[in-house]
Amino acid sequence: MPSKEGAISASLGKPITEAELANKPRYWMGDPPDRCDLNPSHKIEDTFVDGATDRGPWANMCPKCHRAHGRGIGQGQGQRYEKREVEGRTRWLKTAG
Ligand SMILES: [Zn+2]
């Protein structure tokens, strides 16, 4: 795993193991966010967090804004989704939270 990815993962909570992901994958339903709710100039690339913020309401955040304004990863805090290719389709897999 590249070090950049490792740093992001560490700041975004305990990841769900690959075995759990293979056994019971959970995917984002509907259209994924294109832009970060907290700063629309941030484009969502391959990871976002649907989570509580220090501003109150929940938001779909880029990892940078989640580090700055998120309330963590876990039940009642936030869920992390990552873009994956699954059987030729782009899907957003829940990888933590
Ligand atoms: Zn952002």
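I take strands as DSSP runs of E, at least two residues long, numbered from the N terminus. The model I am reading is predicted.

**Entry 1, the sheet.** I looked up how the strands are arranged. There are 4 strands in an open sheet, ordered E2-E1-E3-E4, with antiparallel pairing. I noted E2 (58–61) and E4 (89–96) as the edge strands, each pairing on one side only. For reference, strands of a sheet pair through backbone hydrogen bonds.

I placed Arg-55 in the loop between E1 and E2. Is Arg-55 buried or exposed? I count Arg-55 as exposed, because it has 10 C-beta neighbours inside 10 Å and the cut-off for exposed is 12 or fewer. I then looked up its separation from Gly-70, 15 residues apart from Arg-55 along the chain: the two C-alpha atoms are separated by 8.9 Å.

I found Glu-87 in the loop between strand E3 (78–86) and E4. I looked up its backbone angle and noted that phi of Glu-87 is near 50 degrees, a positive value in a residue other than glycine. Most residues other than glycine have a negative phi. Glu-87 is exposed, because 5 other C-beta atoms lie within 10 Å.

Key
Residues numbered from 1 in each chain as written. Predicted model: local features only at pLDDT ≥ 70, side-chain atom pairs only at ≥ 80, totals over all residues. Pairing = 2+ DSSP bridges. Buried ≥ 20, exposed ≤ 12 C-beta atoms within 10 Å, placed from the backbone.
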